[in-house]
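Biologist: I'd like to learn how to read a protein model piece by piece. Can we go through one together?

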Amino acid sequence: MKKTLILCMAACLFAACEDNLERSIWISDPDDFNLPKYTEWGYNTFGAKMDGSYFLSCWRENPCSMEWHANDSTLEFTMNGCQTLNDYMVFDGYITKKDYMSLTIIFPCDSVIDNYKKLYLLDGKTIDLTDTTVKVLVTLESHNYWTEPITDIRSGELCFKRIQNLYVDGKFEESIVSGTFDIRYVKDGEKTRMSDGRFDIGINQSFFW
Amino acid sequence: MKRPIFLAVMLLCMMPRSFAIEPVWAINVSAGFDFVGATQRNFDFIRAFRSNETISGARDKTIGTYHLSIMPECYLTDKFSLSTGLRVTSAGSHFNSDYSFFYFKAKEEGLNTYYFRINSIQQENVYVGVPLEFRFTLRGDGRPSPYFRCGTTFNFRCTTKSTINYTKRYHDPTASIDSKDIPTADNFTLPVYCAAGCQFGHHNSFSVEITFPYLVLAGSMSGMHFSDGLGGGLRMTYQFLKTKSEN
């Protein structure tokens, strides 16, 4: 029993010493320290300004996921993070006062992207969020985690600036998806704007459904 | 009028005998090692280790140097000497992360990007230099004598060898990073140092000294680090072929 416990502890210690690609690495934007810098390393961060607050990835491992809907050939891109509250502080992406928030964008694709290895087909693509074939959903802790569609989108775009097929030691490991986003919408009579949005994430088999 | 001239002549006659001695020469052969504090550089081909640690994670590191010199020494007085000569210095450094490995971006080809998992990168830079040193010896009469030294070395880089230690568990032996992609140290460096030691013997003598502080004023002795910290070291010197004073 003692030996098993020691072996388990050693395994955990070794695992903790591995530099995992799924870790979130926050490099602050020099122009706004509350936002992560736009990078193309797969640092698993995202962030956007939001009318006096921020929508951030807040230290999650792999804060984004993607899902292919074969029935209508659409791809679902979800960013899971949090919205900063009043009197918040941000330390390397860790937020002291926050509410859970996620943003989901579902858009049609010309090509079949049914696994993470085909994400390179999005390279350089820009999605107009005002297009009627595009759906945008928001989930907020303050709204009891209810996922609500945004129907009145005044402007917005999701831009996949660069997709990289990442090979580590000769083996295909993940797709690095980097880009920008912004959106202006009206919901329940309230105008909301997300601007200066950026994301840099690694998508592997575990985060593509 | 005659009195000032008489006083000046008297003063000249009273000057210490040591200033009237012909310079004494000796040859020194020395070997030693020094270390200098260093900071790992940031590179755009190494994935960040942790949040906001710039890119490569600045950490307290050291660069270790070994040197071998042959230096003629000229005793301007029985206590004060000047030496120069030739010195060969080998500077070794080690680049790694807090984790068992780090990711090195080897190349980008279109949509494909290639990383390698690396344990560490070791580098050895060899310099040939001209040292210039001043030494003050407390006793010049052959008894064990403490002394103080200060000096600098004008170092010029000759060769660089970089060794990449791949993570054995993952490494595909058919693929590797070209070691020429690893930055080399600066071509010119200028370390400055002070030392205190003790000399045993007179005509043929042996001395041991401790160097502190040791710092690099210009350039860095590693392509992977800034030599921006303090350091120190140890040196042993054998002196021979000392000409005798004529007085």
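This is a predicted model: local features need pLDDT of at least 70, side-chain atom pairs count only at pLDDT 80 or more; totals for chains, interfaces and linings use all residues.

Biologist: Okay. Which peptide bond joins B:Phe212 and B:Pro213?

Modeller: The general idea first: most residues other than glycine have a negative phi, and most peptide bonds are trans. The bond between B:Phe212 and B:Pro213 is cis, with omega about -5°.

Biologist: And phi? Where does A:Ser73 lie?

Modeller: A:Ser73 lies in the loop between strand S5 (64–69) and strand S6 (74–84) of chain A. Its phi is positive, about 50°, although A:Ser73 is not a glycine. A:Asp169 is another case: it is not a glycine either, and its phi is positive at about 55°. You'll find A:Asp169 in the loop between S13 and S14 of chain A.

Biologist: Is A:Asp169 buried or exposed?

Modeller: We go by relative accessible area, using a 1.4 Å probe and protein chains only: buried is under 20%, exposed is over 50%, and partly exposed is in between. A:Asp169 counts as buried because its relative accessibility is 7%. A:Ser73 is partly exposed, since its value is 30%.

Biologist: Now the strands. How many bridges join S14(A) to S15(A)?

Modeller: We say two strands pair if DSSP finds at least two bridges between them. S14(A) and S15(A) are joined by 12 bridges and run antiparallel. A:Ser178 stands opposite A:Asp200 in S15(A). The two strands form a hairpin with two residues between them, and A:Asp188 in the turn has a positive phi of about 55°. S15(A) is also joined to strand S3 (residues 45–50) of chain A, antiparallel again, by four bridges. There, A:Gly47 has A:Arg198 as its bridge partner.

Biologist: Why is strand S15 of chain A said to be largely enclosed by the rest of the structure?

Modeller: Because 10 of the 14 residues of S15(A), which spans 190–203, are buried.

Biologist: Let's move to where the chains meet. How many residues of chain A are in contact with chain B?

Modeller: Contact means heavy atoms within 4.5 Å. On that basis, 29 residues of chain A are in contact with 28 residues of chain B. The size of an interface is often given as the accessible area lost when the parts come together. Here that buried area (accessible area lost by the two parts on being put together, 1.4 Å probe, summed over both) is about 2,700 Å², with 45% of it on carbon and sulfur atoms.

Biologist: What is the count of salt bridges between chain A and chain B?

Modeller: A salt bridge puts a side-chain nitrogen of Lys or Arg within 4 Å of a carboxyl oxygen of Asp or Glu. The count between these chains is three. In one of them, B:Glu108 pairs with A:Arg162, and their closest N and O atoms are 3.0 Å apart.

Biologist: Which strand gives the most to the side of chain A that touches chain B?

Modeller: S13(A) does, with seven residues. S13(A) also pairs with strand S6 (residues 112–137) of chain B, in the parallel sense, over four bridges. In S6(B), B:Tyr114 is the bridge partner of A:Tyr167.

Biologist: What about A:Gln164: buried or exposed?

Modeller: A:Gln164 sits in strand S13 of chain A, and it is buried, with a relative accessible area of 0%. Leaving aside neighbours within four places in sequence, A:Gln164 is in contact with residues including A:Glu40, B:Glu108 and B:Thr113. Its side chain reaches the backbone oxygen of A:Glu40 at 2.9 Å.

Technical notes
Residues are numbered from 1 along each chain as its sequence is written. Chains are lettered from A and ligands numbered from 1 in the order in which they are written. Side-chain values use heavy atoms; hydrogens and water are left out. A polar contact is a pair of N or O atoms within 3.5 Å; within protein, one must be able to donate a hydrogen and the other to accept it, and residues adjacent in sequence count only if both atoms are side-chain atoms.
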